Amino acid sequence: SLCLSLCLSFSLFLSLSQHPRTESEWENSFALKMFLFQFVNLNSSTFYIAFFLGRFAGRPGKYNKLFNRWRLEECHPSGCLIDLCLQMGVIMVLKQIWNNFMELGYPLLQNWWSRRKIKQTEREERTRGGQNVENKVQLPQWDKDWNLQPMNAHGLVDEYLEMVLQFGFTTIFVAAFPLAPLLALLNNIIEIRLDAYKFVTQWRRPMPARATDIGIWYGILEGIGVLAVITNAFVIAITSDYIPRFVYAFRYGPCVDKEYHHEKCLQGYMNSSLSVFDMGVRWNVSEEQSRYCRYRDYRASPWSPVPYDFTLQFWHVLAARLAFIIVFEHLVFGIKSFIAYLIPDMPKSLCDRMRREKYLMQEMMYEAELEHLQKERKKNGRRYHHEWP
């Protein structure tokens with residue numbers, strides 16, 4: 001799209017205008033900008049559905065309108081979680097199929113076109129030389145390899161970017177679409193074979209380059225992990241009906257101060273989650289017709305002292321949601337830190353061997369320097385104040 005092209009052009013312009021000191025710093029800066037632009041472009045719709053769709057639409061009789069003309073979009077009557085689940089399903093299935101098709105289909109099409117041009121050129125040369133057109137010349141293997149498509153200068157960045165974006169789709173909204181990890185696994189199994197076929201038969205062999213680590217991608221993965229914990233906490237607390245059901249079962253349901261049974265304690269939950277709106281005042285509905293309608297919200301009835309004001313149940317649900325977010329985030333981050341402490345990045349035995357190797361290296365350097373100073377003393381016949389006696 002035009003927006004994505006402009007974003008990529010602006011990303012490249014920012015990377016070129018930074019004047020980094022080394023090539024690795026330029027690649028890290030370019031990778032970070034590419035990830036940010038792609039992440040915002042691909043995840044803006046899911047974040048909108050999860051946290052903004054239907055949140056500011058208003059209520060019957062007092063809808064918020066854009067430019068005082070168009071009503072804001074609302075969620076499905078079953079809730080925004082269904083819309084988010086469908087959106088994630090479309091992204092995880094159709095987008096991955098399209099990416100695999102383009103990754104393999106584009107070099108296949110280019111190689112087919114280049115082979116066609118080569119054959120046409122050879123046919124024209126034979127025709128000019130008076131040779132038989134049917135005489136075929138077998139090209140050497142190195143010539144065939146040279147005619148393959150060259151790997152993009154940032155091809156490895158594209159591969160990393162695809163996997164990191166898939167990791168984001170898999171983890172950030174996994175609470176709304178639990179099948180995302182399974183679909184990602186199936187896609188990766190297929191893509192491993194497609195990439196192997198592409199590297200062997202469709203691309204020239206890339207030049208090898210040494211790398212100490214994956215660069216800035218490690219920090220990006222860490223950031224996605226933190227964002228995934230926060231986002232899933234908000235999805236469970238705000239987008240789903242888990243907290244309202246929990247509050248109703250323990251505070252407003254038929255099982256208050258009794259033994260908790262899930263099926264019985266949620267009786268009447270749907271009725272308590274719907275508010276009443278009086279249509280007779282605004283649209284002059286007669287008494288014979290249905291004068292009242294129901295809508296999803298926690299507001300007072302029209303005949304209450306403060307009509308359409310938020311009820312006490314609304315504030316209880318809001319407080320429970322905020323408490324759940326805080327407890328969930330601290331619990332998950334605590335478990336993550338504890339597991340990271342139990343399973344360090346480098347084993348203790350390896351750390352001990354590295355420290356021993358460093359100690360032996362320093363001792364060898366010290367002994368070599370000491371031997372050099374002793375030779376200088378014997379040669380010059382004088383002592384140095386910084387040497388051992």
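**Close-up views of a predicted model**

**View 1. Helices α7 and α12 meet.** In this predicted model, the axes of helix α7 (residues 217-239) and helix α12 (residues 312-342) cross at roughly 150 degrees and come within 9 Å. Axes here are lines fitted to C-alpha atoms over the stretch in contact, with angles from 0 to 180 degrees between N-to-C directions. Helices are DSSP runs of H or I with at least four residues, and strands are E runs of at least two, numbered from the N terminus. Contact (heavy atoms within 4.5 Å) involves residues including Val 226, Ile 230 and Phe 234 of α7 and Phe 324, Phe 328 and Lys 336 of α12. The contact residues divide into 13 nonpolar, four charged and no polar; Ala, Val, Leu, Ile, Met, Phe, Trp, Tyr, Cys and Pro count as nonpolar, Asp, Glu, Lys and Arg as charged, and the others, Gly among them, as polar.

**View 2. The largest nonpolar core has 33 residues.** Such a core joins buried Ala, Val, Leu, Ile, Met, Phe, Trp, Tyr and Cys residues through side-chain atoms within 4.5 Å, buried meaning under 20% relative accessible area with a 1.4 Å probe, protein chains only. Helix α2 (23-51) gives the largest share, ten residues. Phe 35 touches Leu 161, Val 164, Leu 165, Trp 217, Ile 220 and Ile 224, leaving aside residues up to four places away in sequence.

**View 3. Another core lies apart.** Take a look at its 14 residues, among them Ala 237, Ala 249, Tyr 269 and Val 317.

**Notes.** Residues are numbered from 1 along each chain as its sequence is written, and side-chain values use heavy atoms, without hydrogens and water. Local features need pLDDT of at least 70 and side-chain atom pairs 80 or more, while totals for chains, interfaces and linings use all residues.

Key. Buried means under 20% relative accessible area, exposed over 50%, partly exposed in between (1.4 Å probe, protein chains only).
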